[in-house]
Every structure is written in C-alpha cells, then in structure tokens.
Amino acid sequence: MREELVFRNVAALVRVPMPRRQKQPVWTVEEARRFLESARADDDPLYAAYVLLLTLGLRRGELLGLAWEDVDLERGEALIAWQVQRVDGQLVRRHTKTPSSDAPLPLPDIAVRALERHRVDENRRRLVAGEMWGDCGLVLTTRHGDPVDPRNFHRDFKLRAVKAGVPVIPVHATRRTCASLLVALEVHPRVAMAVLRHSRIALTMEVYSQVSSQSTRDALHQLGVQLTGGA
C-alpha cells in the first residue's frame, strides 16, 4: 500500500480472537510480611535483596546490578542505574535503559537496616573466603564475592516463598506486588509511578518532576512500617 501497488490491505479484514490475559497472583501486605519475616528468621543471605524487591519494586537485573558505591546508607538513598544480564553465557553489568535511573531512590528504614546487616555479613564472608574473594563491588554476591546468577536467584526466591508458606510467584511479579502494596496504602499514583520507575515516567518527565522526594520518602516509610508489622 505504501508503494501504491495495491489499493487495500486484505490482511486487515482478518478477524482474530483477542487473547485473554491471565492475571498473575500478587501478595497481600500480610503475605509480603510473612515472606520477609521467614527470610530474616532463617538469616537468609538474600534477606536484604528481598526487602529491596518489595519496597522499591526493583527488577531482578537491577537488584543484582546494585553496587555499594551506588548506595548511601547515611542519606538513605540508592541509585538504580545498572543491571546484571547474561550475555553469551557470561554475566555482564550494563546501564539500565530507563532515563529516570539518574534520580536516586530513597531507601525506607527497613531497607537501610537490612543493608547494614548485609554489609556486616559480607565482611564476615570476605574474611572467610580470604584470597578467593571476588570483590566485584556488588551488594549481592555469592559466598566468594562473585555476581549472583539471575537463575540461581530466581530459584532461591521460589524456595523462600515455599518456606514462608506464601504463594509462589515469579520474581518479576514482585513489582506488581509492590505496586499493589502502594495502592493499598493509599499512596498517590504519581508517587507509586516514581517508586516503580515505569516507562511512562521515563517518557513523561513532567509527571516525574511533580513528585516531590519527600512524598516518595513518606510512601516508602509507610510501606516499610507495614511490612514490619508496625514495629
């Protein structure tokens, strides 16, 4: 049609059935709290990772690509600008595609405490590993200091869900869980969009700029309190 060889597109006349989208299960606030409490009670080395997943809605690659140099525990902020991906059988760290990653995200109190505890545990593992320590600089590492394989993380996440007695959901579904939690806490939609860094915010920076950092901090603080059972 563009080249004016035909006058109409006959394929446009074909009627195809609309696929029904299956709704993925999401955790309730209580189920998310049980999941975190189970990991904390068992001293799960990935406890801090699970906290970040549920309070910031990070993607798996973003979570595994987070480095200590991008985390400021004193100010309670984290810059989500990198992600870990598997390319040709090798784990590589690349920049995220979202322009909004230039803005640091505020860390709720529960995330700051979890990261502080995680850093102490990492120092202990570093001493045990000695010269075998990989020292990749990432927040989440294996017991030898190497990057965590995304597939292994997905497996451990499902095993933790089983131990916690909550529905087993994919790792990427935690973003929807985080969004649901923010909505349940009556957080303003624009604040929730900023926390989750949806693509619509990247395309419409005007909406992102209207969300004050204090509003985002308040939303994450409420979520952190809710996840810890009000403690």
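Me: How many salt bridges does the structure hold?
Reply: The structure holds 15 salt bridges. Keep in mind that this is a predicted model.

Me: Which residue does D70 form a salt bridge with?
Reply: D70 pairs with R93, and their closest N and O atoms are 3.2 Å apart.

Me: D70, buried or exposed?
Reply: D70 is buried, because its relative accessible area is 12% and the cut-off for buried is under 20%. R93 has 28% relative accessibility, so R93 counts as partly exposed.

Me: Which residues do salt bridges with shared partners join into one network?
Reply: E30, R33 and E37 are joined into one network that way.

Me: New topic, the sheet. What is the strand order?
Reply: The order is β1-β2-β5 in an open sheet of three strands, and the pairing is antiparallel. β1 (71–72) and β5 (105–106) are the edge strands, each pairing on one side only.

Me: How many bridges join β1 to β2?
Reply: Two bridges join β1 to β2 (residues 77–78), and these strands run antiparallel. D72 stands opposite E77 in β2. That is the E77 that forms a salt bridge with R75.

Me: Helices next. How far apart are the end C-alpha atoms of α1?
Reply: They are 18 Å apart. Helix α1 (residues 29–41) has 13 residues, and at 1.5 Å a residue the span should be 18 Å, so the two values agree.

Me: Which residues of α1 are buried?
Reply: V29, E31, A32, R33, F35, L36, S38 and A39 are the buried ones. As background, an α-helix has 3.6 residues a turn, so residues three or four places apart point the same way.

Me: And α4, how many residues does it have?
Reply: α4 has 21 residues. From first C-alpha to last, α4 reaches 30 Å, close to the 30 Å expected at 1.5 Å a residue. The buried residues of α4 include I110, V112, L115, H118, E122 and R125.

Me: What follows α4?
Reply: G130 follows α4, and its phi is positive, near 65°.

Me: Which residue just after α1 takes a positive phi?
Reply: D43 does, with a phi of about 55°. D43 is not a glycine, and D43 lies in the loop between α1 and α2. At 54% relative accessibility, D43 counts as exposed.

Me: Why point out that it isn't a glycine?
Reply: Because most residues other than glycine have a negative phi. D135 is another non-glycine residue with a positive phi, near 55°. D135 is found in the loop between α4 and α5 and counts as exposed, at 51% relative accessibility.

Me: Now the inside. Which residues of the largest nonpolar core touch the most other members?
Reply: Of the 50 residues in that core, they are F35, L36, Y50, L52, L107, L115 and F153. Several helices each supply at least two residues of the core, including α1, α2 (47–56) and α4 (109–129). The largest share, nine residues, comes from α2.

Me: Last one, the surface. Which residues make the nonpolar patch?
Reply: M1, L5 and V6 make a nonpolar surface patch of about 330 Å². L5 is in the segment before α1 and is exposed, with a relative accessible area of 67%.

Terms used:
Residues are numbered from 1 along each chain as its sequence is written. This is a predicted model: local features need pLDDT of at least 70, side-chain atom pairs count only at pLDDT 80 or more; totals for chains, interfaces and linings use all residues. Side-chain values use heavy atoms; hydrogens and water are left out. Helices (H or I, at least four residues) and strands (E, at least two) are DSSP runs, numbered from the N terminus. The expected span of a helix is 1.5 Å times one less than its number of residues. Buried means under 20% relative accessible area, exposed over 50%, partly exposed in between (1.4 Å probe, protein chains only). Two strands pair if DSSP finds at least two bridges between them. A salt bridge is a side-chain nitrogen of Lys or Arg within 4 Å of a carboxyl oxygen of Asp or Glu. Patches are made of residues with over 30% relative accessible area and no salt bridge: like charges are joined within 9 Å, nonpolar side chains (Val, Leu, Ile, Met, Phe, Trp, Tyr) within 5 Å. Accessible areas come from the Shrake-Rupley method with a 1.4 Å probe; for residues, only the protein chains shown count as cover. A nonpolar core is a set of buried Ala, Val, Leu, Ile, Met, Phe, Trp, Tyr and Cys residues joined through side-chain atoms within 4.5 Å.
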